[in-house]
Amino acid sequence: MTDQTTSPVPAAARTHVDDLARFVTASPSSFHAAAEIARRCVDAGFVRLDEADAWPTGPGRYVVVRDGAAVAWVVPDGATPTTGVTVLGAHTDSPGFKLKPRPTTGRAGWWQAGVEVYGGPLLNSWLDRELELAGRLVSTDGTEHLVRTGPMLRIPQLAVHLDRAVNDGLALDKQRHTQPVWGLGELAGADVVAALAAQAGLEGSDVAGYDVVVADTQEPRTFGADAALLASGRLDNLLSTHAGLVALLDVADGAGVELTTIPVLAAFDHEEIGSGSRSGAAGPFLEDVLARIGDALGADAQDRHRALAASLCVSSDVGHAVHPNYPERHDPANQPLAGGGPILKINANQRYSTDAVGAALWNRACTAAGVPSQEFVSNNTIPCGSTIGPITATRLGMRTVDVGVPILSMHSARELCAVLDPWFLTRAVRELFAR
């Protein structure tokens with residue numbers, strides 16, 4: 001993937017971004033991302049647990065998957081009932097489209113797929129791209145099947161000859177203008193579900209339910225002067241998920257690391273639609289896992305409160321780099337630059353959960369890792385987004401700090417960041433895991 005050039009970007013950063021590209025390519029849906037996290041953990045010697053089973057006690061490396069979310073952790077030798085946790089919180093979903101019920105539609109000789117808008121995508125960025133369907137099918141016997149079609153769909157834009165004002169402002173109706181085409185002929189010959197089922201060796205009639213999204217099929221790529229830029233789908237927020245996973249696997253190897261807390265990767269689903277689900281940050285997944293870790297260490301209620309008081313959550317999501325064409329949209333004094341290192345997100349109204357103590361912990365970690373850092377705060381005239389950080393802090397009372405990587409084209413089908421920044425983020429997270 002990486003263009004071979006002589007560049008000031010360190011080889012380690014290129015190696016890291018190549019691995020990020022492989023992770024993104026393997027993860028077109030949240031379900032694929034959770035499965036890829038589990039696969040990599042198991043390959044590194046982690047034990048995959050089932051929530052319906054009794055969990056082991058004592059030190060070890062573990063991973064558990066709940067739908068499109070995954071939690072992985074390392075219980076070090078010497079962990080006690082009051083040992084705190086250090087959590088890297090991220091999310092596996094991205095804005096886009098989700099397949100509707102009765103999805104086979106069409107007109108004028110075109111087969112189309114009925115899709116629903118998921119989250120807040122930049123709709124125009126999805127036009128005229130080769131897209132795929134990806135997610136999970138549940139067959140009539142209750143078995144789950146991961147599927148992806150490869151290039152199958154396209155949302156065609158109306159030609160300028162038929163809309164002379166299109167360059168004065170493109171307005172897309174979310175119902176009428178976003179339904180992709182995927183074939184030609186009489187509608188009686190089309191069946192989107194059957195096409196998906198075939199990917200799993202099933203008949204369409206075997207499918208009892210599905211959670212399927214639309215994904216861009218263009219692979220991540222570095223480009224530009226010195227190949228210092230990365231373009232990719234789903235950087236929001238597979239970039240942070242990958243950073244947490246790489247850092248966790250690194251400290252799990254134990255080389256030169258004596259863990260004093262329990263490092264945890266919590267990769268949630270449904271952040272883009274508010275996190276309110278059993279696999280989202282507003283649900284009980286992380287709390288359930290932490291309670292069971294405490295149970296395995298013999299913790300009582302008092303011990304659990306003490307452990308949480310000694311814990312830290314790093315909520316990591318992408319943020320806004322200063323846009324060179326719209327600099328007025330940013331705070332005039334705090335202007336994060338691509339390639340300038342991870343950002344510390346701050347908001348007076350607690351849309352981000354960073355406070356002075358959390359900021360100090362983060363800045364010390366960046367310094368120890370040799371990583372530059374910068375701050376992000378919104379322009380007062382532009383509403384601030386939010387993350388899983390305030391949700392996690394509210395649910396668990398855990399000290400939480402919001403961080404991320406500055407990018408352009410957030411919520412586009414294809415986003416943009418500097419090659420250096422994912423590597424910088426991973427190094428800082430590793431330092432916190434090893435604190």
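Let me start with Arg148, which is partly exposed at a relative accessible area of 31%, where buried means under 20%, exposed over 50% and partly exposed in between, with a 1.4 Å probe and protein chains only. What we have on the screen is a predicted model, in which local features need pLDDT of at least 70 and side-chain atom pairs count only at pLDDT 80 or more, while totals for chains, interfaces and linings use all residues. Residues are numbered from 1 along each chain as its sequence is written, and side-chain values use heavy atoms, with hydrogens and water left out.

The side chain of Arg148 meets that of Glu132 in a salt bridge, at 2.8 Å from N to O; the term requires a side-chain nitrogen of Lys or Arg within 4 Å of a carboxyl oxygen of Asp or Glu.

In one of them, Arg395 and Glu287 meet through their side chains, with N and O 2.4 Å apart. This pair, too, joins distant parts of the chain, 108 residues apart, with Arg395 in helix α8 (residues 388–396) and Glu287 in helix α5 (residues 285–296). Arg395 counts as partly exposed at 33% relative accessibility, and Glu287 counts as partly exposed at 35%.

The other is the salt bridge between Asp355 and Arg399, whose closest N and O atoms are 2.5 Å apart. Here Asp355 sits in the loop between β16 (343–345) and α7 (356–369), whereas Arg399 is in strand β18 (residues 399–404), so that distant parts of the chain, 44 residues apart, are again linked. Asp355 has a relative accessible area of 29% and is partly exposed, as is Arg399, with 35%.

Beyond such pairs, a network of salt bridges links Asp19, Arg22, Glu36, Arg39, Arg40 and Asp43. Helix α2 covers residues 30–43, and among its buried residues are Glu36 and Arg40, along with Phe31, Ile37 and Cys41. Is α2 mostly covered or mostly open? It is mostly covered, with 10 of its 14 residues buried. From the first C-alpha to the last, α2 reaches 20 Å, close to the 20 Å expected at 1.5 Å a residue, the expected span being 1.5 Å times one less than the number of residues. The residue Gly45 follows α2 and has a positive phi, near 95°.

Finally, helix α4 (residues 235–252) can be examined in the same way. Its 18 residues should span 26 Å at 1.5 Å a residue, and the end C-alpha atoms are 25 Å apart, which agrees. Helix α4 is mostly covered, since 16 of its 18 residues are buried, and just after α4 comes Gly254, with a positive phi of about 80°.

Terms used: Helices (H or I, at least four residues) and strands (E, at least two) are DSSP runs, numbered from the N terminus.
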